[in-house]
Amino acid sequence: DKCFSTGLQHRVVVTDAVTGKKQIFSTSRDVLAQQFARRIKLWDLRMARCVRQYDGHHNKHAPLPIHVNEEVGILLAVGQDHYTRIWSLKDGCLLRTIPSPDSGCDAIPSIVFSARLGGSRGVPGLLMAVKQDLYHYTYKTDL
């Protein structure tokens, strides 16, 4: 399953009954689900209800990855509008929106986040690839 990457220790994969796409991953009790209604939701499996929403995600029909970094406490996703959005896992606040560096390109950027880019002494950062180009964004926790 290569639809998403996580920083989570456990995950549950559920296939969407309408699209057939695998869009969900989880810890042992929580599930993040990407909807085609401009939001990502965090569900508590024990209570069977949504406990948090991450609004502003732009996805109408594509199986786009969702990235989680629990160490830094963020959720990242690239939308069909080519913007990368970073939310706080804790409260769902949108922390940062990053446009694609190549606005004329049709390719949706690919991203990866690390709490320690460059190794054990590295700093938090985001790597974004658009076609053959690679971009680096530092991440400051005081955003």
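Predicted model: local features only at pLDDT ≥ 70, side-chain atom pairs only at ≥ 80, totals over all residues.
Which residues line the largest cavity?

**Entry 1, the search.** I searched the whole structure for cavities of 30 Å³ or more and found one. I noted a volume of about 40 Å³ for the largest cavity.

**Entry 2, the lining.** I listed the residues that line the largest cavity: I86, R96, I98, F113, G125, L126, Y137, T138 and Y139. I then looked up which elements give two or more residues to this lining, and they are β8 (94-98), β10 (123-130) and β11 (133-138). Sorted by class, the lining has six nonpolar residues, two polar ones and one charged one.

I found them in an open sheet of three strands, ordered β9-β10-β11 and paired antiparallel. Which strands stand at the edges? I wrote down β9 (110-117) and β11. Each of these has a single partner strand, so one side of each is left without a neighbour in the sheet.

How many bridges join β10 to β11? I counted six, with the two strands running antiparallel. I noted for myself that strands of a sheet pair through backbone hydrogen bonds. As a place to look along the strands, I marked L127, which stands opposite H136 in β11.

Terms used: Residues numbered from 1 in each chain as written. Heavy atoms only, no water. 1 Å grid on protein atoms, 1.4 Å probe; cavity = no way out; pocket = protein on both sides within 12 Å on 5 of 7 lines; lining within 4 Å. Points joined across faces, edges and corners; volume = space filled by probe spheres on them. Helix = DSSP H or I, 4+ residues; strand = E, 2+ residues; numbered from the N terminus. Nonpolar A, V, L, I, M, F, W, Y, C, P; charged D, E, K, R; others polar. Pairing = 2+ DSSP bridges.
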